[in-house]
Amino acid sequence: MESRERSDDVKPRNLPVSKFSTVSHWECTCRVLGLVGVILFLAFAFTPLPNLLAQRLATPSRLERAEAIVVLGAGVSEDGVLGSNSLRRAIQGIVLQRKGLASLLVLTGPATNKGPTEAAVRAALARDLGVSQDAIITEERVWTTREEAIRIGALLRDRQVRRILLVTNSQHMERARRLFERVGLEVLPATADDISDSDSSPEGRLELMRIALQEIIARLYYRMAGYL
Amino acid sequence: MERFFVLILVGFTSVGAFLVGVGAIGLSRECLRRAIGKMLNGVGWTLIFFMLNLTVGMAIVLVGRLLMRGFVPLYLASDVTLLFLSLLQGLTFQWWREWQTSSGGQGMGTGG
């Protein structure tokens, strides 16, 4: 069948088409963006870039005697299951208290919907692991790092506590430390990480990148809001 | 070696697909180049929708905190499923534009 006579909007197959002649400027931009996206994905998943960034953002621990151990919140499910981050921080705080680095253990965290509060679940865990009830203080009315610093700062000032071991993950530590120092406390970092900053698996590196980017955005937000 | 396993695996299957495509099915290299261009286009649209979703999500959370005077976690806007859903949005939008462009306005509203 003759197929040469066609309407104008169908391009004849054999004419060479330059790369850009039929590609709009907008499509070009999308392709460049896509190329950047693919390169970034490969860089994040298969190079040590996320490890370097996570290490750059991290604060190392300084485990010395203090007057209280403050364990920052990280989430609990509606049926009272601590998230892995929350559990790891709680365990670190309990271990430090049991080693005698501080007598007081401050556990924070609100509830998710109508479930038990993170602070209460952690306190129960601490008691089960041998921490005396008298040594445990809970603070449930806190939803952000800033609120934790303000409320716990006031609580500890009433008890004449000035020096604390602060437990959170190493990328979060710098921002948290500054907030707690702003309310007049001397802060010793005690990190508890859910993922190692040396993790070399692609999935691990993507997770590290997510954590790092989240913390960078949070720091920018806190700076813009004047909290840091 | 383990950290590059996924990359090697995908490289291997990609080379296999190329050989099958060119050798057995008779696909052209020129069309492969265009397909890669389209793939990058799709990734680009995905990123646009992802950034849009992130920005709008964070704005909604911050406004929600002000209006409700209660706490809404910012992490709601950064759920990992957002990336996959942005991919669906990006691909759909890309194909919608291309279909509209290739139709040239003819057959608008008809079922194909």
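The model is predicted, so local features need pLDDT of at least 70 and side-chain atom pairs count only at pLDDT 80 or more, while totals for chains, interfaces and linings use all residues. Residues are numbered from 1 along each chain as its sequence is written, chains are lettered from A and ligands numbered from 1 in the order in which they are written, and side-chain values use heavy atoms, with hydrogens and water left out.

**Chains**

Helices (H or I, at least four residues) and strands (E, at least two) are DSSP runs, numbered from the N terminus. Chain A holds 7 helices and 5 strands, in the order α-α-β-α-β-α-β-α-β-α-β-α from the N terminus. Chain B has 3 helices and 0 strands, and its pattern along the sequence is α-α-α.

Buried means under 20% relative accessible area, exposed over 50% and partly exposed in between, with a 1.4 Å probe and protein chains only. By that criterion 43% of the 228 residues of chain A are buried, and 20% of the 112 residues of chain B. A contact is a pair of heavy atoms within 4.5 Å. Among contacts with a separation of 6 or more, residues 24 or more positions apart account for 72% in chain A and 59% in chain B.

Accessible areas come from the Shrake-Rupley method with a 1.4 Å probe; for residues, only the protein chains shown count as cover. The accessible surface of chain A is about 12,500 Å², with 55% of this belonging to carbon and sulfur atoms. Chain B exposes about 8,300 Å², and carbon and sulfur atoms supply 74% of that area.

**Helix packing**

Axes are lines fitted to C-alpha atoms, for helices over the stretch in contact, and angles run from 0 to 180 degrees between N-to-C directions. Angles under 35 degrees count as roughly parallel, over 145 as roughly antiparallel, 65 to 115 as roughly perpendicular and the rest as oblique. Residue classes are as follows: Ala, Val, Leu, Ile, Met, Phe, Trp, Tyr, Cys and Pro are nonpolar, Asp, Glu, Lys and Arg are charged, and the others, Gly among them, are polar.

| Helix pair | Axis separation | Angle |
|---|---|---|
| α1(A) (residues 25-46) and α2(B) | within 6 Å | roughly 85° |
| α2(B) (residues 29-68) and α3(B) (residues 81-103) | 7 Å | about 125° |
| α6(A) (residues 170-182) and α7(A) (residues 202-224) | within 9 Å | roughly 20° |

Helices α1(A) and α2(B) belong to separate chains and are roughly perpendicular to each other. Their contact includes Trp26(A), Cys30(A), Gly34(A) and Val38(A) of α1(A) and Leu40(B), Gly44(B), Trp45(B) and Ile48(B) of α2(B). By class, this contact has 10 nonpolar, 5 polar and 2 charged residues.

Within chain B, α2(B) and α3(B) are oblique to each other. Their crossing is right-handed; a crossing is left-handed if the near helix is turned anticlockwise from the far one by less than a right angle, and right-handed if clockwise. Among the residues in contact are Trp45(B), Phe49(B) and Phe50(B) of α2(B) and Leu83(B), Leu87(B) and Phe93(B) of α3(B). The contact divides into 9 nonpolar, 8 polar and 3 charged residues.

Within chain A, the table angle between α6(A) and α7(A) is roughly 20°, which makes the two helices roughly parallel. Their crossing is left-handed. Residues of the contact include Glu174(A), Arg175(A) and Arg178(A) of α6(A) and Glu215(A), Arg219(A) and Arg223(A) of α7(A). The classes here are 4 nonpolar, 2 polar and 6 charged.

**Single residues**

Leu155(A) lies in helix α5 (residues 145-158) of chain A and is buried, at 19% relative accessible area. Apart from neighbours within four places in sequence, Leu155(A) is in contact with Ile137(A) and Glu139(A). The C-alpha atoms of Leu155(A) and Ile137(A) are 9.4 Å apart, for a sequence separation of 18 residues.

Two residues other than glycine have positive phi. Asn113(A) has phi near 55°, is placed in the loop between β2 (104-108) and α4 (118-128) of chain A, and counts as exposed at 62% relative accessibility. Gln160(A) has phi of about 60°, is found in the loop between α5 and β4 (163-168) of chain A, and is exposed at 62%.

In chain B, Thr13(B) is part of helix α1 (residues 5-25) and is partly exposed, with a relative accessible area of 45%. Its C-alpha atom is separated by 21 Å from that of Gly42(B), 29 residues apart along the chain.
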